[in-house]
Amino acid sequence: MMHLDQKIKDQSSSMAVESITVMLTAALREVSNDVLVFYDKNLHFVVLIGLEQPGDRAVLLKQLKRLCANLEQNELQGYSVWASVSKSYATELKNYKLAYRCAMDGLLYRAVNESSHVQDAEKIQFGWSLYFPFDKIEKLSNYMSNGRLQEAKEIISETLGENANRNVHHHQMAHIAKTMFLYMLRHANKTAGTDDDLHNLEQQFLQRIDFAHDYLDIENALIEAAKHIAKHSKPEDTNRLNPSFISQYIELHYMENLYLDHIAEIVETSPKYFSSYFKKTFGVNYVEYLNKVRLSHAKELLKDSSLTIGEIGEKTGYLNSSTFTTTFKKYYGISPSEYRKQNPNE
């Protein structure tokens, strides 16, 4: 499978698919006379190359790497050119589907930091070390509803950057980006005037993600989608007794003495009614929720700062280090100092 990606998305400079097919065929026939090239979709091309001996495959891989690099510098200099090579199969009709699937897996399961022009599907190493911080993704969703685009962009870059550091598979990175996109889309204002616009945005985004060249393409696509969704975000509800306002208020004020009586007053209702409403809406009682928000921030500070345990407790809303330590141990089974030892600052 050979895949091209236009470096600058400019329709006026795009080459016709037929011209690219002819060009690829001519270039590949310098490697082997037994070559057939078919256009698949989205600048994917299926290439069949005949080998006389199984051992010829290793030589072919080296030749393809040089060929892709040469095409990028010359005939196809406006494109990124890369390929995935399947295992060798006997030339029988039943094997064509197997070869196609194998080559596609090479594209899907390539590591996001893979720099080689050619992916050898035989050498795929499977892994599942994904990073998906649910608390931050929930913040991303809230930021979109509140028009805080810069904070949303920071979460997008941090989440995808961490997955890039872990060198996850391309299709895993794509899955994470799609999930984040749908979280953001929850707050778009669905009206007759915007439904078609948002539907088109979703279709274009999904296609762009599936055929992205590297993780930076995915990050740029997600940030551009966030800008577009922000234009259609719902204005903040004037009624403060709603989940979006409550979760945002807690996120912004968790480090304060946020007693139930105080927040009930903020949302202009009685403490008793607020307590009942909160449990029914969020599935946990108010104190449980507040502790989880505070402790998620405390975990970040324990890993990424040199503050003392007492200072971290104070910064996350606890009156003293004893209360902080007791609460932390209740939820995580270990003390803050033990957690810090297990998660040193990288």
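β2 and β3 form a hairpin with four residues between them, and N42 in the turn has a positive phi of about 50°. Strands here are DSSP runs of E at least two residues long, helices are runs of H or I of at least four, and both are numbered from the N terminus. This is a predicted model, where local features need pLDDT of at least 70, side-chain atom pairs count only at pLDDT 80 or more, and totals for chains, interfaces and linings use all residues. Residues are numbered from 1 along each chain as its sequence is written, and side-chain values use heavy atoms, leaving out hydrogens and water.

Zooming out, five strands make an open, mixed sheet in the order β2-β3-β1-β4-β5. β2 (35-39) and β5 (118-120) sit at the edges with a single partner strand each, so one side of each has no neighbour in the sheet. From one strand to the next, the twist averages 20°. Two strands count as paired if DSSP finds at least two bridges between them.

Here are two of the pairings:

| Pair | Sense | Bridges |
|---|---|---|
| β2 and β3 (residues 44-49) | antiparallel | five bridges |
| β4 (residues 79-85) and β5 | parallel | three bridges |

Over at β5, Q119 faces S84.

Now for Q73, which belongs to helix α2 (residues 56-73). Q73 is exposed, with a relative accessible area of 57%; the label means over 50%, with under 20% being buried and partly exposed in between (1.4 Å probe, protein chains only). The C-alpha atoms of Q73 and K178 are separated by 33 Å, and the two residues are 105 residues apart along the chain.

Conventions: Axes are lines fitted to C-alpha atoms, for helices over the stretch in contact, and angles run from 0 to 180 degrees between N-to-C directions.
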